Amino acid sequence: MTAASQSRNLLTRTLFYSDFSVFYYSFEAMNILESFITLWVVIDPIGTIPVFIAVTTGMNAATRRSTAFTATFVSIGVLLFFLILGQLLIDALGISLLSFQVAGGIVLFLFALTMIFGEPKQETDLNTKELDEERPKQDRPSPAIFPLAVPSLASPGAMLAIVLLTDNNEFSILSQAVTAMVMVAVLLAAFVAMLMAEPIIRLIGNSGAAIISRVMGMILASVAADAVLTAILEILRTGSV
């Protein structure tokens, strides 16, 4: 083989691997963007702001910061639990992932409908808080745990979404680690939003927060419908669940 043909072969391989790398990283970037949007919608940092303001009324600045930190730390722990063990629990119960994807997509879609047509997130969580206040004081959990960490940040929708976004059969360990980092980034954004709660709510108002929540609900409904349709098409293609 001549030097010229060797150079051509080397150039061809270089171009091939270059094109493949561009495609691979573009695909990964789209997955990261999809994970970010999905987790931002189901965690809803903006919708948590009115809840935070309500449950920290009367607290001094240091206590509010401590409450925001504890709520963020606990919600990270809860969602990491579902990220690591969620699918193992599903497998232990003998549930196929396609069935779970269909059910999960339907639940997320219904969750999105409550965001669009139901009460704003802050009203729902605060109604739950009011019911909790009827319990004896010694039996009440810390407001950082309830309702801030669960169900405001680590909502049922967020728990379900993190399991779907880290499917062991579809995503590599690296991709799941990236999703975990995206989840932590969204929760850190929620932490910052809680620290800046009063200026933000003065800027956008409760009406602005409700509008943002409804737009996020539309996006989540689209993501949920796509998950259901993808699972159904896969069942039809393979002929089995």
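Me: Why is T48 called buried?
Reply: Buried means under 20% relative accessible area, exposed over 50%, and partly exposed in between (1.4 Å probe, protein chains only). T48 has a relative accessible area of 1%, so it counts as buried.

Me: What kind of model is this?
Reply: This is a predicted model, in which local features need pLDDT of at least 70 and side-chain atom pairs count only at pLDDT 80 or more, while totals for chains, interfaces and linings use all residues. Residues are numbered from 1 along each chain as its sequence is written, and side-chain values use heavy atoms, with hydrogens and water left out.

Me: What makes the pair S152 and T48 a polar contact?
Reply: A polar contact is a pair of N or O atoms within 3.5 Å; within protein, one must be able to donate a hydrogen and the other to accept it, and residues adjacent in sequence count only if both atoms are side-chain atoms. The side chains of S152 and T48 meet at 3.4 Å, so this pair qualifies. The T48 side chain also reaches the backbone oxygen of D44, at 3.1 Å.

Me: Where do S152 and T48 sit?
Reply: S152 is in helix α6 (residues 144-153). T48 is in helix α2 (residues 45-55). Helices are DSSP runs (H or I, at least four residues), numbered from the N terminus.

Me: Is S152 buried or exposed, and how do you know?
Reply: S152 has 0% relative accessibility, so it is buried.

Me: Why is the pair F69 and F73 called stacked?
Reply: Rings of Phe, Tyr and Trp (its six-membered ring) pair if their centres lie within 6.5 Å; planes under 30 degrees apart count as stacked, over 60 as edge-to-face and the rest as tilted. This rule gives four aromatic pairs. For F69 and F73, the centres are 6.3 Å apart and the planes 15 degrees, so the pair is stacked. Both residues lie in helix α3 (residues 61-92), four residues apart, about one turn of the helix.

Me: Are F69 and F73 buried or exposed, and what decides it?
Reply: F69 counts as exposed at 51% relative accessibility. F73 counts as exposed too, at 57%.

Me: What makes the pair F69 and F191 edge-to-face?
Reply: Their ring centres are 6.5 Å apart and their planes stand at 75 degrees, so the pair is edge-to-face. F69 lies in α3 and F191 in helix α8 (residues 173-195), so the pair ties together parts 122 residues apart in sequence. F69, F73 and F191 form one aromatic cluster.

Me: Which element has the lowest mean pLDDT?
Reply: Helix α5 (residues 121-133) does, with 54, while α8 has the highest, 94. pLDDT is the predictor's confidence in each residue, from 0 to 100. The protein's mean is 79, and 79% of its residues reach 70 or more. Where pLDDT is low, the predicted coordinates should not be read in detail.

Note on methods
Helices (H or I, at least four residues) and strands (E, at least two) are DSSP runs, numbered from the N terminus.
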